[in-house]
Amino acid sequence: MFHASLFSEYLKNYMKTRLTYRSDFWIEVISDLAYNFMNLFFILVIYMHTDLIDGWTREEVIFIYGYFMVPYGIFGAFFNLWNFGERYIVKGEMDRVLTRPAHSLLQVALENVDPSSLFGALAGLGVMAYAWSGMDAQLAWYDPLVFALLVLGSVAIYFGIFTAITSISFFSDSPTGIIPLMFNIQGYGRYPVGIYNRIIRIVLTWVLPFAFVGFYPAAYFLDRETYLAMSLLTPVVGAAFAAIGIALWNLGIKRYRGAGS
Amino acid sequence: MIGAYLDFVRLRFLTMLAYRVNYYSGIVIYAINIGAYYFIWNAVYGGSETLGGMTAAQMSSYVAVSWMARAFYFNNLDREIANEIRDGSVAIQMIRPYQYLAVKMMQGFGEGCFRLLMFSVPGMIVAALLFPVDFPDDPARWLWFAVMLLLSFFINSEINLLTGLFAFFVENNEGMIRMKRVAVDLFSGLVIPLSFFPGWAETALKLLPFQAITYLPGSVFTGTLQGGAIAQAAAVQLFWMVALLAPLALVWRSARRRLFVQGG
């Protein structure tokens, strides 16, 4: 309850600052959507030259992309710590965070909420609906619940991996360049893993499990017989990686010594 | 006078050199991007020999060379100019005895030289080790490609200068800068070669300057363009390089009149 009220307070704060710079808000939303539009356009164009990619139809690949946008948008709204090392460690703002009653990771996340990327998630739902209407598939009554569970799992994977990487700032204050690297790797998860070679498939499934933020969970709705086990692993992998991320963060907090005055 | 401008190239090159570590991860990132498009195009080709006038082998070379060319011509001149306009330091630069835009272009070129040596060339070697890339065996083709690469740098930088100068007219052109980046990536043929676009879009894009940034040099490198078509493509680039000077001069002239620096 305490955390929920904190969240609503920070959200109100965010709204106030954003209303001062209204145009910035829409610029962020639109340039976000433009990038997704480019990727969707890419999918449309490549299907003008082929009927199937690795056995998947155009609607199916668009559906996968739409799914991919949902956890990504949700994650982006609640985790916006791209300059964490610079702002909190180098400038010493972490000292202030540690005196707050909420858990340090939650406190830092709340200070940086960015609901504008939720528009991406909404657009993703729209893309999924569009692709679904072009497919001849049935939904069971429990499928929306499964969908929520899968999205939760995918968000947890993002959260775990990026929390783990952010925690590196506690151990080394030089920029590592790993975050932009991860950003580009996660894009691999939005296509059927069958198009990649064996090594990349294994990496995307077990090492940096970005196949679970797009392809595997989406495949639950597309080809249930083949991918049931893999898609239902999503929440499990999510829980595992979130646990790793939080453990690394807590380890980092213990090591934190502050940066001068 | 020329010497002064060349010094700007040298200075930016040396500044970049001091931060070269940041660019090692850039090579990996570009290799990851090349990989993403390589695998998807591979799946698109499946069994087919040629699509959009390109073979599968040409496509993988095209993807690799286009991204590594981007590593060379890409720069943040638009954001640099916008920042200098916003913080007012552009006023100091305007009273100095040089052409502001020419200086920016030279600084961009210094950055480009650095990127070519530390990013594009080693990146291309990495890409060739990871993915099937066919290099041209005709030295004349290499020469044409080098010239066209240089032209694509100038065209892209001119577009960047134009985007940056819009900060004179609007309070915040950050959105414009981002949109421009997406537009250049999409319309230049980096993400999709022009011959793959639907007919109407291809026709429209051939009337725009963007194709001169990636598609034309890439097509020369992969050999989709042969003989006289190569010179023709270079002529199109030359045309755009010159043609873009006109809007630049126009925007610059009216921008100077608008400039109003607060404080400082």
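Modeller: Two residues are in contact if their C-beta atoms, placed from the backbone, lie within 7 Å. This is a predicted model, in which local features need pLDDT of at least 70, side-chain atom pairs count only at pLDDT 80 or more, and totals for chains, interfaces and linings use all residues. Residues are numbered from 1 along each chain as its sequence is written, while chains are lettered from A and ligands numbered from 1 in the order in which they are written.

Biologist: At what angle do helix 9 of chain A and helix 2 of chain B cross?

Modeller: Axes are lines fitted to C-alpha atoms, for helices over the stretch in contact, and angles run from 0 to 180 degrees between N-to-C directions. The axes of helix 9 (residues 178-186) of chain A and helix 2 of chain B cross at roughly 5° and come within 9 Å. Helix 9 of chain A is therefore roughly parallel to helix 2 of chain B; angles under 35 degrees count as roughly parallel, over 145 as roughly antiparallel, 65 to 115 as roughly perpendicular and the rest as oblique. Helix 9 of chain A makes the contact through Pro180(A), Leu181(A), Asn184(A) and Ile185(A), and helix 2 of chain B through Ser25(B), Val28(B), Ile29(B), Ile32(B) and Asn33(B). These residues divide into six nonpolar, three polar and no charged.

Biologist: What is the secondary structure of chain A, and how many helices and strands are there in chain B?

Modeller: Helices (H or I, at least four residues) and strands (E, at least two) are DSSP runs, numbered from the N terminus. Chain A comes to 13 helices and zero strands. Chain B has 12 helices and two strands, and its pattern along the sequence is α-α-β-β-α-α-α-α-α-α-α-α-α-α.

Biologist: What radius of gyration does chain A have?

Modeller: The radius of gyration is taken over C-alpha atoms, and the globule rule is 2.2 Å times the number of residues to the power 0.38. For the 261 residues of chain A, a compact globule would have a value near 18 Å, and chain A, at 19 Å, agrees.

Biologist: Is Tyr19(B) buried or exposed?

Modeller: A residue is buried if 20 or more other C-beta atoms lie within 10 Å of its own, exposed if 12 or fewer, and partly exposed in between, with C-beta atoms placed from the backbone. Tyr19(B) is exposed because it has 9 other C-beta atoms within 10 Å. Tyr19(B) lies in the loop between helix 1 (2-18) and helix 2 of chain B. Of the 264 residues of chain B, 45% count as buried; of the 261 residues of chain A, 34% do.

Notes:
Ala, Val, Leu, Ile, Met, Phe, Trp, Tyr, Cys and Pro count as nonpolar, Asp, Glu, Lys and Arg as charged, and the others, Gly among them, as polar.
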